[in-house]
Amino acid sequence: MKKRLLVILSLMLTLAWLLTACTPKAAPEMTLSGKTLNIGVLPAESAIPIILAYEKGFFEEAGLQVSIKAFSSPNDRNVAVQAKELDGVIGDVMTAAVFVDKGIPMKITSDISEDFKILSSPNSGVTQMKDLAGKSVSLVKNFILEYIIDQFAAKDGFTYEIVEIPSFSGRAEALIADQVDAVVFTEPQAGMLVQQGAHLLGSSKEAGIKGGTLMFMEDVINERSGDISAFYQAYNRAVDYMNSTDVAEYSTILTNYQFPAAISDYLTGMYGTFQHANVIAQDQFDSIISWTKDKELIGKLYTYDELTDFSFIQ
């Protein structure tokens with residue numbers, strides 16, 4: 001009798017363990033700080049999901065307060081980061097490494113939607129990438145723009161001269177006026193320049209080059225993780241909205257953030273769909289970090305684990 005009771009008790013305990021192990025665990029509660037999340041953006045394709053998440057109320061519905069600060073050049077954005085005015089920014093792998101190297105702790109939390117184009121001026125006579133040998137290319141040094149043109153230059157075996165023009169509008173005007181032979185420009189401005197006579201030589205998306213990122217200050221990651229999780233929920237919801245909504249319904253919103261009126265034409269003709277926030281591949285990361293170290297912009301080769309935290313999108 002006693003033996004039978006022990007067997008029954010053992011079976012009951014085993015069953016209880018199995019039920020506990022197989023019961024889905026509740027997701028951890030997402031705690032929001034109630035503070036405003038200050039995000040820095042540039043007038044490029046990468047900013048669109050953030051802008052729409054704000055304007056369509058997706059951040060608010062996620063319980064998050066967000067302030068978007070638009071900058072006309074990467075240098076202006078960097079000044080704001082150094083002044084501790086921003087919690088998160090659109091940037092790139094090398095910018096994250098340079099900030100950390102200078103004692104500004106940041107981490108990459110996702111990629112961004114991006115496509116950088118190499119364009120030649122209308123009367124430059126440059127119609128193929130290899131024709132850029134010895135020519136002038138306008139870009140902002142030490143950012144993803146320079147890395148991209150360096151990848152094309154290595155592949156096609158040419159060297160070029162850099163003409164640094166920080167502002168978007170200044171570079172565009174110099175190209176159309178034939179004051180420089182080529183530029184590296186993001187969309188949607190690149191498409192607009194092609195309409196004005198510039199020649200399209202290459203695309204970072206088609207070449208498989210991806211180094212643009214969203215990144216947050218490390219103290220925000222550590223102390224306000226719920227805010228960043230809510231940010232990405234709203235961000236991905238905005239991506240879904242873009243993929244299911246006619247461009248005409250939201251393109252006018254973007255002109256209030258320094259986007260050109262031609263943004264509607266670009267988005268309408270865009271191939272493929274917008275993607276949810278994703279990781280930066282480690283081989284791409286390592287390539288950019290090596291390039292950044294070779295340029296003597298950083299003092300060490302930072303590892304993938306040191307500079308990334310993709311837990312908010314996985």
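1. E296 is exposed, with a relative accessible area of 72%, where exposed stands for over 50%, buried for under 20% and partly exposed for what lies in between (1.4 Å probe, protein chains only). E296 is placed in the loop between α14 and α15 (304–307), and E296 has a positive phi of about 60° although it is not a glycine. The model is a predicted one, in which local features need pLDDT of at least 70 and side-chain atom pairs count only at pLDDT 80 or more, while totals for chains, interfaces and linings use all residues. Residues are numbered from 1 along each chain as its sequence is written, and side-chain values use heavy atoms, with hydrogens and water left out.

2. For orientation, the chain has 15 helices and 10 strands; helices (H or I, at least four residues) and strands (E, at least two) are DSSP runs, numbered from the N terminus. Of the 314 residues of the chain, 52% count as buried. Among contacts between residues at least 6 apart in sequence, 79% join residues at least 24 apart, a contact being heavy atoms within 4.5 Å.

3. D178 follows α7 and lies in the loop between α7 (168–176) and β8 (182–186). D178 is partly exposed, with a relative accessible area of 31%.

4. Within α7 itself, the residues F168, G170, R171, A172, A174 and L175 are buried. The elements that cover these buried residues include β5 (116–120), β6 (136–139), α6, β8 and α8 (189–195). One of the buried residues, R171, also lies over the face of F185, at 5.1 Å from the ring centre; a charge sits over a ring if NZ of Lys or CZ of Arg is within 6 Å of the ring centre and within 35 degrees of the ring normal.

5. Two packed helices are described by the angle between their axes and the distance between the axes. Helix α2 (residues 48–55) and α11 pack at an angle of about 100°, with their axes 8 Å apart, the axes being lines fitted to C-alpha atoms, for helices over the stretch in contact, with angles that run from 0 to 180 degrees between N-to-C directions. That angle makes α2 roughly perpendicular to α11, on a scale where under 35 degrees counts as roughly parallel, over 145 as roughly antiparallel, 65 to 115 as roughly perpendicular and the rest as oblique. On the α2 side the contact is made by I48, P49, I50, L52 and A53, and on the α11 side by F231, A234, Y235, A238, V239, Y241 and M242. The residues of this contact divide into 12 nonpolar, no polar and no charged; Ala, Val, Leu, Ile, Met, Phe, Trp, Tyr, Cys and Pro count as nonpolar, Asp, Glu, Lys and Arg as charged, and the others, Gly among them, as polar.

6. Another helix pair is formed by α6 (residues 144–156) and α14 (residues 282–294), whose axes come within 11 Å and cross at roughly 100°. This makes α6 roughly perpendicular to α14. The residues in contact are I144, E146, Y147, D150 and Q151 of α6, together with Q284, S287, I288 and W291 of α14. By class, the contact of α6 with α14 has 4 nonpolar, 3 polar and 2 charged residues.

7. A search of the whole structure finds 11 aromatic pairs, where rings of Phe, Tyr and Trp (its six-membered ring) pair if their centres lie within 6.5 Å, and planes under 30 degrees apart count as stacked, over 60 as edge-to-face and the rest as tilted. The rings of F58 and Y241 have their centres 6.1 Å apart and their planes at 70°, so this pair is edge-to-face. The pair links distant parts of the chain, with F58 in helix α3 (residues 58–61) and Y241 in helix α11 (residues 225–244), 183 residues apart. Both F58 and Y241 are buried. Ring pairs also link F59, F216, F231, Y232 and Y235 into a cluster.

8. Helix α5 (residues 93–101) is largely enclosed by the rest of the structure, because 7 of its 9 residues are buried. These buried residues are V93, M94, T95, A96, A97, V98 and F99. Just after α5, G103 takes a positive phi of about 90°.

9. Finally, S251 is placed in helix α12 (residues 251–254) and is buried, with a relative accessible area of 9%. Not counting residues up to four places away in sequence, S251 touches I263 and S264.
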